[in-house]
Amino acid sequence: MTLLKVTDFRVAYGGIKAVKGVNLEILRGEIVALIGSNGAGKTTLLKAICGLLRFEGQMTFAGVDAKRKRSDQLVKLGLSLVPEGRGVFGRLTVSENLMMGAFLIKDKTSIKNDIDRIYQMFPRLAERKNQIAGTLSGGEQQMLAIGRAMMARPKMLLLDEPSMGLAPMMVEKIFHVIDEISNSNVTILLVEQNANLALNFAARAYVMDSGRITLDGPSFELKTDSSVRRAYLGG
Ligand SMILES: Nc1ncnc2c1ncn2[C@@H]1O[C@H](COP(=O)(O)OP(=O)(O)O)[C@@H](O)[C@H]1O
Ligand SMILES: [Mg+2]
């Protein structure tokens with residue numbers, strides 16, 4: 001069953017076209033990767049899907065016409081973004097950051113249960129719940145960004161470069177949790193410049209170049225594709 005579908009999706013910054021007619025279809029429960037080099041338009045595409053930038057074309061999410069919906073309405077429908085560069089509130093504590101992610105949920109007991117669930121997922125955040133987020137390491141901030149997005153109880157999580165700038169051990173930890181999140185019935189769209197990592201993690205992938213999808217298919221096929229190997233996997 002289709003969860004997210006975008007058709008002839010176009011995004012421009014003034015006169016500069018950053019996304020030029022993209023089609024994506026993601027089914028419930030899938031883990032899908034979007035790879036492509038710096039400047040390909042991946043972040044622009046994710047931001048527009050989440051209602052943070054205006055787009056032309058069509059989009060449906062969870063069976064609803066999602067065009068011109070505000071980002072908070074899309075969060076309510078079950079679409080959550082973990083932004084590039086994490087975007088945690090640096091002056092708030094870990095637990096205050098998590099509370100910010102719960103803005104849709106009114107009942108205090110369920111917020112507390114949700115926070116406990118995030119702390120189980122990331123024990124390091126539990127140990128640091130009163131620490132100011134700006135003083136966390138990069139990996140801990142990434143954990144917090146994912147935790148905050150999960151507080152909205154999403155159907156689908158869009159992750160923008162979660163491995164960026166992190167040591168291999170931390171990347172492994174973060175991807176272990178993303179895998180757990182996927183197993184809990186959350187659909188994943190993973191944007192990564194690290195194509196090797198993305199193709200090993202996701203079952204299926206899209207390749208983006210200069211604002212267009214140039215290739216898509218099962219990850220195992222893309223991994224052996226000579227153009228993908230040359231451009232994104234170092235030969
Ligand atoms: N706020 C902006 N204003 C103008 N151009 C932008 C802006 N953000 C990104 N771009 C341009 O859009 C293109 C795609 O950028 P981006 O979506 O960030 O790519 P990626 O995430 O794949 O690295 C690039 O050419 C970039 O310079
Ligand atoms: Mg980007």
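Biologist: What makes strand S4 and S5 count as paired, and in which sense do they run?

Modeller: Two strands pair if DSSP finds at least two bridges between them; strand S4 (residues 56-61) and S5 are joined over two bridges, in the antiparallel sense, so they reach that threshold. Thr-60, for its part, has Asp-65 in S5 as its bridge partner. The model is predicted, so that local features need pLDDT of at least 70 and side-chain atom pairs pLDDT 80 or more, whereas totals for chains, interfaces and linings use all residues. Residues are numbered from 1 along each chain as written, chains are lettered from A and ligands numbered from 1 in the order of writing, and side-chain values use heavy atoms, without hydrogens and water.

Biologist: Why are S2 and S5 called edge strands?

Modeller: Four strands form an open antiparallel sheet in the order S2-S1-S4-S5, and strand S2 (16-27) and strand S5 (64-65) each pair on one side only. Strands here are DSSP runs of E with at least two residues, and helices are runs of H or I with at least four, both numbered from the N terminus.

Biologist: How do you know whether Leu-3 is buried or exposed?

Modeller: Leu-3, which has its place in strand S1 (residues 2-13), has a relative accessible area of 1%. Buried means under 20%, exposed over 50% and partly exposed in between, with a 1.4 Å probe and protein chains only, so Leu-3 is buried. Beyond its neighbours within four places in sequence, Leu-3 is in contact with residues including Ile-26, Thr-60, Phe-61, Met-156 and Thr-187, where contact means heavy atoms within 4.5 Å.

Biologist: Why is strand S8 described as mostly covered?

Modeller: Six of the six residues of strand S8 (residues 187-192) are buried, with Thr-187, Leu-189 and Val-191 on one side and Ile-188, Leu-190 and Glu-192 on the other. S8 pairs in the parallel sense with strand S3 (residues 31-35) over five bridges, Val-32 having Leu-189 as its partner. Five bridges also join S8 to strand S7 (residues 156-160), again parallel, and there Asp-160 stands opposite Val-191.

Biologist: How do you know what kinds of residue line the largest pocket?

Modeller: The lining divides into eleven nonpolar, four polar and two charged residues, where Ala, Val, Leu, Ile, Met, Phe, Trp, Tyr, Cys and Pro count as nonpolar, Asp, Glu, Lys and Arg as charged, and the others, Gly among them, as polar. Helix H2 (71-77), S6 and H6 each supply at least two lining residues, a lining residue being one with an atom within 4 Å of a point of the pocket, which is an open set on a 1 Å grid over the protein atoms alone where a 1.4 Å probe fits, with protein on both sides within 12 Å along at least five of seven lines.
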